[in-house]
Amino acid sequence: MQGTLDQAPSQPIASKQRSSIDWRPYLLVAPQTITFLFALVLPILAIFTISFWNFNGFTSVPGFTLNNYLGIFSSPVYLKTYLNTFKFAFLVWLVCVLISYPVAYYLAFRIKNSKWQTIWFLICTVPFLTSNIIRMISWIPFLGREGLINKALMGLHLTNQPVEMFLFSDFSVVLAMVHLYALFMVAPIFNSMMRIDRALIAAAEDLGASAFEIQKRIILPLAAPGVAIGTIFVVTLVMGEFATMRLMSGGKASSVGYLIKNQIDSLQYPMAAANAVVLLAITLMIVFGILRIVDIRKQI
Amino acid sequence: MAETKKTPFSAHLLTGFFALFVLFLYGPMIAVFLLSLQGPEGQLTFPMRGFSFHWIGAVFGQQRIGNFVEAFGRSFSLGLIVMVITVVFSVLAGLAFRKNFRGSNLVFYLTISSLIVPSILVSLGVGVVFNLLNLPIQWYSSALAGHLTWTLPFAFLIMLGIFGRFNPAYEEAARDMGASDSTTFWRIVFPLIASSVIGVGLLGFTLSYDEFTRTSLISGETNTLPLEIFGMTTNVTSPALYALGTLTTIFSFLLIGIALFTMQKLEQRQNKQEG
């Protein structure tokens, strides 16, 4: 897209004054770094601290107790909520990968004209720049009791009564989340695939490799970092939200995000904080697990 | 795309799959658009009952549906503030990262880590910090902080990509001829990155304008637009909800259109100047 800039690799400018430290880079990164220290690091430290505080039924009392954490690990309700969150994260991830890989492949390899590639990629991107809440609501005309899917099923005499399960079910939650987050999988896979040297594929074809073998031995391994980045995005997004869960399940399903939100609404900050710390720990474990398997540094 | 040799069946299958994906993205949007143009007796599902702009008008009446106009004003202002801060901070950081400096890795990972912290945690944490420090919890203070944790990492990554492909020869030439840092930036560097900066600005604005979770616990007693719409979903069961959806979607499309148009114009101009 950046056709105007020269493609010459940028060479590090040899520093002329070795004797004194150049402070300019530090001044330049200061605003961004201070923002993150204040809006990210400090909040996480605060949550960590409060997760050890007491809750007396009305308000949070500074102190040190492990009861909040013990409560999480000993309560079947909480454990079930965590399992439910993993279940949704896994389902949404799986569907996203199954959809995004062929979509990215189509964009990267089947559309040969780079102008059309940009246009189709933009067409896939635009909906993700519109309101998430509106995009959830927009499933009602399809999934509801009177929705298009039920009408179609009844018209085809596949069912006599409207199927209730489409809206306000696990199905609608997964569907809406895939609809919301698929781009976070498509974009990194597309990015990885665009870096694949086309000569590799031509060579494999010349040597008589089948389409399946080219996928398995060239494209998939080289697109894996993109899948990894997409996975990190999708898993974190699903783990950290509650709106889709609340809206699309009609309040039936629960997730850790939703649980935290409810605990804050009832002012149980220490419990909410403990849940947040556990959620963060789990998310980080997943992310580091992925980073151990796939090296994503070259993708940036 | 039309090749002379026979296209295998699997290729058609893939094209079909891609078409379905695009339909999956846009179908619901089109349904909402159509249903918001029903007559006054309209419902939430098809078939369309009549055709009118009744529900679009209803959005601006305060009796039916929450206070949409004020919420829009807040989201719009917040989006603009987030946009400006995101652009300025990420361009500065991008400039810094063109040289290797001690601690650059730490800054890099601090920024990226913001993407993998679950949103609800940011909301909760920012709220707690503002409470502890006795700072006002408002859409323009705490929600602003929450939004920046989401927009800045994306903008930063994009700026790294842009400066990574940037040819330093132009600036070196300017410096050799005695131009100061700021002259070099405004006369040489900025025109070259201008169209990308607009892209980053658009991303910053829309990410903020549509953000829900990172606003939800920290917008104070007033709602931004996504929070207002979320609140409506529980008590508004008329096509007014869709009308609101249609209006905000059209607004987003307009912004994207303007940004893309400007980016293209800038790139054309740049190409001409380079000859």
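## Exercises on a two-chain predicted model

For chain B, the unreviewed UniProt entry lists "transmembrane region" at residues 12–37, 76–97, 106–133, 139–163, 184–207 and 240–263. UniProt positions are given in the numbering used here, feature names are shortened, and annotations may be inferred rather than shown by experiment. Before you start: this is a predicted model, where local features need pLDDT of at least 70, side-chain atom pairs count only at pLDDT 80 or more, and totals for chains, interfaces and linings use all residues. Residues are numbered from 1 along each chain as its sequence is written, chains are lettered from A and ligands numbered from 1 in the order in which they are written, and side-chain values use heavy atoms, with hydrogens and water left out.

**Exercise 1.** Work out how much helix there is in residues 12–37 and 240–263 of chain B, and how far apart the ends of each span lie.

*Solution.* Helices here are DSSP runs (H or I, at least four residues), strands are too (E, at least two), and both are numbered from the N terminus.
- Step 1: residues 12–37 of chain B are 92% helix and 0% strand, with end C-alpha atoms 36 Å apart.
- Step 2: residues 240–263 of chain B come out at 100% helix and 0% strand, and their end C-alpha atoms are 35 Å apart.

**Exercise 2.** Do the like for residues 26–53 and 272–294 of chain A.

*Solution.* 
- Step 1: both spans are among those the unreviewed UniProt entry gives as "transmembrane region" in chain A.
- Step 2: residues 26–53 of chain A are 89% helix and 0% strand, with 37 Å between the end C-alpha atoms.
- Step 3: residues 272–294 of chain A are 96% helix and 0% strand, with 33 Å between the end C-alpha atoms.

**Exercise 3.** Describe how helix 2 and helix 3 of chain A pack.

*Solution.* Axes are lines fitted to C-alpha atoms, for helices over the stretch in contact, and angles run from 0 to 180 degrees between N-to-C directions.
- Step 1: helix 2 (residues 67–74) and helix 3 (residues 76–110) of chain A pack at about 70°, their axes 5 Å apart.
- Step 2: angles under 35 degrees count as roughly parallel, over 145 as roughly antiparallel, 65 to 115 as roughly perpendicular and the rest as oblique. Helix 2 and helix 3 of chain A are therefore roughly perpendicular to each other.
- Step 3: the contact (heavy atoms within 4.5 Å) brings A:G71, A:I72, A:F73 and A:S74 of helix 2 up against A:P76, A:Y78, A:L79 and A:Y82 of helix 3.
- Step 4: sort by class, with Ala, Val, Leu, Ile, Met, Phe, Trp, Tyr, Cys and Pro as nonpolar, Asp, Glu, Lys and Arg as charged, and the others, Gly among them, as polar. You get six nonpolar, two polar and no charged residues.

**Exercise 4.** Now take helix 9 and helix 10 of chain A.

*Solution.* 
- Step 1: the axes of helix 9 (residues 198–206) and helix 10 (residues 211–239) of chain A come within 11 Å and cross at roughly 170°.
- Step 2: that makes the two helices roughly antiparallel.
- Step 3: A:L200, A:I201, A:A204 and A:E205 in helix 9 meet A:I214, A:I218, A:I219 and A:L222 in helix 10.
- Step 4: these divide into seven nonpolar, no polar and one charged.
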